[in-house]
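The following note sets out several points for a colleague who is reading this entry. Please consider them alongside the sequence and the coordinates.

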Amino acid sequence: MTESLTVRDNRTGQEYELEITDGTIRAADLKQIAVEGQPGLATYDPGFVNTSSCRSAITYIDGEAGILEYRGYPIEQLAESSTYLEVAYLLLNGELPTTDQLAEWTHEVTYHTFVHENLKQFIQGFRYDAHPMAMLMAGVSALSTFYPEAVQIDDAENRQLQITRMIAKMPTLGAFAFRHQQGKPYVYPDNGLSYAANFLAMLFKMSEPEYKADPRLVQALEVLFILHADHEQNASANAVRAVGSTEVDPYSAVAAGIAALYGPLHGGANEAVLRMLRRIGSTDNIPGFIEGVKAGKERLMGFGHRVYKNYDPRATIIKKACDDVFEVTGVNPLLKIAQELEKIALEDEYFVSRKLYPNVDFYSGLIYEALEFPPEMFTVLFAIPRTSGWLAQWSELITDPEQKIARPKQIYTGHRTRQFVPIGQR
Ligand SMILES: CC(C)(COP(=O)(O)OP(=O)(O)OC[C@H]1O[C@@H](n2cnc3c(N)ncnc32)[C@H](O)[C@@H]1OP(=O)(O)O)[C@@H](O)C(=O)NCCC(=O)NCCS
């Protein structure tokens, strides 16, 4: 044993030596620490605040330093120089593609953008006011019925085909859900356009023969997609891995990821930021609002993060994308309030001492609103690019010999062995 931890069990006086590998001990090694007649020692960690669930080579985060890297490449460089499909390839394969590899990958994804007509009818079956995220989740889940061979998860070629299909079809499903909610006809993919430009066309095209989005908006969407592509073991990646560990098909595993992302604690914060900014209404009201936050009446939405105790590197990049988008759409009047709020909070002792900095959601809602997305679409815009991250996490799980079905322990706090009482006697 090179590095180890010596533990003394004060119940028995016995000492144990546990191996330390990569800064962790194995929870299973604690089982040997036992008092006669009782089960071995376990850990209790609701919310997994200090438990590593896997080894992963996909995304690196240093929250103290504000660093985010995909496969070792800093997010700033990828956002500046790459495209979403190139980043998806990187996340899935571990290396940046060569020119030929990227051309083939782009062709494959483009070729798979159409969905079966029955899937279109399936989306049409939803009520007019159905939430697009729920439609997306159901749509992805339904895809598994169109590709029953997807259950062959031990076949690498088959896995690759499903991965390509899902990344290709996600914008189509997201756009169909959006159009459905708007009561507009669905727009089929245009395979002559880039991934992001095609998505914008499926969302916004009306009667014009060809929809040409402003290239600055296409570029801003590419950047937003890159920033949201993966974020290591967050709640939705964990959901994909937990469900995927049962060896279910990847469509069902990703549907579980979408369900996790649907929750307001995960994907919904940018919508909350917009509501907050609207409520503040004017920069004159900021001091009063900040006092309320400091008094614990409410939170400054879009600030703070479980992992980042520094400026979220994605927030810096999004701020720049804001400028590019507003150049085309005109400035969102809420921007002034957001900027002033940020300035005051970054100087205020309350926020500084708690290491509360803007996170990715602080500015993303402003951009989405400027692009004329209703708030219900915000999480869909998150789910589409996150699909590459979920699938990279899923592939890693499937090929990791150390992984098992996810099945945590519990501390049982209920009754034991009671006698059943017939209903008339209760
Ligand atoms: C993201 C978040 C849930 C992280 O929470 P966490 O890591 O569990 O941190 P805690 O809730 O323990 O907060 C630590 C301290 O900072 C304060 N704090 C955290 N976020 C705050 C915020 N946005 N506004 C005001 N105070 C905040 C807490 O009140 C607490 O203060 P205390 O020590 O005086 O009690 C939290 O920062 C938050 O609610 N942010 C707003 C919502 C948001 O933007 N979410 C998107 C995340 S990407």
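Predicted model: local features only at pLDDT ≥ 70, side-chain atom pairs only at ≥ 80, totals over all residues.

1. The nonpolar core. The largest nonpolar core has 114 residues, of which Leu136, Leu200, Val254, Ile258 and Ile367 touch the most other members. Helix 17 (residues 378–398) gives the most to this core, contributing 11 residues. Leucine 136 may be examined individually: leaving aside residues up to four places away in sequence, Leu136 touches Leu173, Gly174, Ala177, Ile258, Val380 and Ala383.

2. Helix 5 against helix 10. How do these two helices run relative to each other, roughly parallel or roughly antiparallel? The axes of helix 5 (residues 132–146) and helix 10 come within 8 Å and cross at roughly 170 degrees. Since angles over 145 degrees count as roughly antiparallel, helix 5 and helix 10 are therefore roughly antiparallel to each other. On the side of helix 5, the contact is made by Met133, Leu136, Met137, Val140, Ser141, Leu143 and Ser144. Helix 10 supplies Tyr251, Ser252, Val254, Ala255, Ile258, Ala259 and Tyr262. By class, the contact of helix 5 with helix 10 comprises 11 nonpolar residues and three polar residues, with no charged residues. Leu136, Val254 and Ile258, named above for their contacts within the core, are among the residues that make this contact.

3. Helix 14 against helix 16. The axes of helix 14 (residues 334–347) and helix 16 (residues 361–370) come within 11 Å, with a crossing angle of roughly 170 degrees. That makes helix 14 roughly antiparallel to helix 16. Leu334, Leu335 and Ala338 of helix 14 meet Phe362, Tyr363 and Leu366 of helix 16. The contact of helix 14 with helix 16 has six nonpolar residues, and no polar or charged residues.

4. The covering of helix 9. Helix 9 (residues 235–244) is mostly covered, as seven of its 10 residues are buried. The buried residues are Ser236, Ala237, Ala239, Val240, Arg241, Val243 and Gly244; a charged residue, Arg241, is thus one of them. What covers the buried residues of helix 9 includes helix 10 (250–262) and helix 17.

5. Positive phi values. Most residues other than glycine have a negative phi. Which loop holds aspartate 22? Aspartate 22, whose phi is near 50 degrees, is placed in the loop between strand 2 (14–19) and strand 3 (59–62). With 19 C-beta neighbours inside 10 Å, arginine 71 counts as partly exposed, because a buried residue needs 20 or more.

6. Leucine 96. This residue is found in the loop between helix 2 (84–93) and helix 3 (99–111). Leucine 96 counts as partly exposed, with 15 C-beta neighbours inside 10 Å. Leaving aside residues up to four places away in sequence, leucine 96 touches Glu86 and Leu90. Leucine 96 and alanine 220 are 124 residues apart in sequence, and their C-alpha atoms are 21 Å apart in space.

Key:
Residues numbered from 1 in each chain as written. Axes fitted to C-alpha atoms, helices over the stretch in contact; angles between N-to-C directions. Helix = DSSP H or I, 4+ residues; strand = E, 2+ residues; numbered from the N terminus. Parallel < 35°, antiparallel > 145°, perpendicular 65-115°, else oblique. Contact = placed C-beta atoms within 7 Å. Core = buried A, V, L, I, M, F, W, Y, C linked by C-beta atoms within 7 Å. Buried ≥ 20, exposed ≤ 12 C-beta atoms within 10 Å, placed from the backbone.
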